[in-house]
Amino acid sequence: MAAKVSYVVGSNVWVQDPEEAWIDGEIVEVNGKDIKINSTSGKMVVAKPSNIYPMDPEFPPSGVEDMTRLAYLHEPGVLHNLKCRYDIDEIYTYTGSILIAVNPFQRIPHLYASDMMQRYKGMALGELSPHPFAIADSAYRMMINEGASQSILVSGESGAGKTESTKLLMQYLAYMGGRSGSEGRSVEQQVLQSNPVLEAFGNAKTVRNNNSSRFGKFVELQFDQRGRISGAAIRSYLLEKSRVCQVSDPERNYHCFYMLCAAPKEVVDSYKLGNPRSFHYLNQSNFYELEGLDETKEYLETRRAMGVVGINSNEQDAIFRVVAAILHLGNIEFTKGDEVDSSQPKDDQSRFHLKTAAELLMCDVKSLEDSFCKRVIATRGEAITKCLDPNSAALSRDALAKIVYSKLFDWIVNKINESIGQDPDSKNLIGVLDIYGFESFKTNSFEQFCINLTNEKLQQHFNQHVFKMEQEEYTKEEIDWSYIEFVDNQDILDLVEKVIEA
Ligand SMILES: Nc1ncnc2c1ncn2[C@@H]1O[C@H](COP(=O)(O)OP(=O)(O)O)[C@@H](O)[C@H]1O
Ligand SMILES: [Mg+2]
């Protein structure tokens, strides 16, 4: 950890900068607690010692592959190293056995060439350039050699590249645990094809990320005695339900809605769909098209992937029928009914959407209408029916849309699990956790609170695991080691969790 800077004229240092975060320069004058620095960019800065960090004069221009090799492991040093590597398209860097990925937001072909998985096979961590394949390989080998189940935690804020990294990890594990020559609907193919299916129904464009996961996912890969994938279980957490009926500009609803509106004409006609701009659940935002994405192709691809994971064609139709029904539900508007505080569908348009939704959901149209416009209150012995005003009816409509969508999502996850199958005899597992990352908007809802709390919990686990464990190791080996100070939010977690318990 950072040794204290010797503030002598001529030293090279990093100094905090309001725009650049950190700039480098040379100390030209020391005046008590005021240190004058001539930065490389030509700016003269006067700073306090607490904002200055020493710079390694022997730092290689293209950075180091493992941060533990940095002379100084402080924030500017770490960031500078990541930036130097990023500038030469090296987005992966180790810190010991932890892999840091910087999102390139563009395809970097040399990292994912077709022979890459083969090259990482059986290589010790650090022997080749940092890569998710190396992490997956080391988890796989630990599992095989020591018979111990492993898990890989992927964390980072929204849009950081977690889901893409998770897919690379899964791809490698499927490669290692796959049967040579097997194709079609093998377990590993199903595991990989579950990704596009879940993304179609659980991902959406947000401000930060065009393909943001709006659910958490824990994939548990089960292996047999010989190290082959013998089953898998996908667990999903906390799908963001509010998005189904409420989208803010410039975000989008779940991908599946736009895909379905762009499906082949006979499909669109049979569901009485059309332009996504005509649906309330989509047109609250002005954003419809994603650059470079052909929704018709996405629709067909999704159906193909659904086939691979064992969702048959009838089931696929049923799923999309529910998706279409939700769009029609959103277009039912309510107006005052004949009785006081009652409501009814507003006009012919609304009655059309109500009827269509009922047809698609295969339920009675009057019962569907009543479920919005009336509330049944169960009292002892009898049930009382109460009318709802137009506002409350619209809320009931949205509540139904949300619950139907989240049940649909759960159904899909269950179906995939059933079809891939579990191996009850498996003793060796590798779990990969990909949740949705920390986010903070202008207005944050309860969902952001839950997401951020989960991220905080994981960060705590990470801190416990990495810092505390490493420090114990150093102490044990009697290595002189100044303790890393890290922000410990345990108090806040305790507070929130105690409140939840109460
Ligand atoms: N390794 C990568 N190579 C190329 N593009 C990437 C990579 N990682 C992320 N991206 C881009 O960034 C977007 C956001 O990444 P994603 O993994 O969805 O973030 P997160 O899951 O952390 O929210 C992806 O849709 C993709 O366009
Ligand atoms: Mg994600």
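1. Asn 209 places a polar side-chain atom 3.0 Å from an oxygen atom of ligand 1. This is a polar contact (a pair of N or O atoms within 3.5 Å). A polar side-chain atom of Thr 163 lies 2.8 Å from a ligand 1 oxygen. Gly 159 uses a backbone N or O atom, 2.7 Å from an oxygen of ligand 1. The protein covers 86% of the 560 Å² of accessible area (Shrake-Rupley, 1.4 Å probe) that ligand 1 has on its own.

2. The model is predicted: local features need pLDDT of at least 70, side-chain atom pairs count only at pLDDT 80 or more, and totals for chains, interfaces and linings use all residues. Residues are numbered from 1 along each chain as its sequence is written, chains are lettered from A and ligands numbered from 1 in the order written, and side-chain values use heavy atoms, with hydrogens and water left out.

3. The magnesium ion (ligand 2) is coordinated by Thr 163 (OG1) and Ser 213 (OG), at 2.1 to 2.2 Å. Donors here are N, O and S atoms within 2.8 Å of the metal (3.2 Å for Na, K and Ca); water is not among the atoms, so the site may look incomplete. Thr 163 sits in helix α4 (residues 162-177) and Ser 213 in strand β10 (residues 212-213), 50 residues apart. Helices (H or I, at least four residues) and strands (E, at least two) are DSSP runs. Both Thr 163 and Ser 213 are buried, meaning under 20% relative accessible area.

4. Zero disulfides turn up in the whole structure (cysteine sulfur pairs within 2.5 Å). For Cys 373, the nearest cysteine sulfur is that of Cys 387, 8.4 Å away. Cys 373 is buried, at 4% relative accessible area.

How values were computed
Buried means under 20% relative accessible area, exposed over 50%, partly exposed in between (1.4 Å probe, protein chains only). A polar contact is a pair of N or O atoms within 3.5 Å; within protein, one must be able to donate a hydrogen and the other to accept it, and residues adjacent in sequence count only if both atoms are side-chain atoms.
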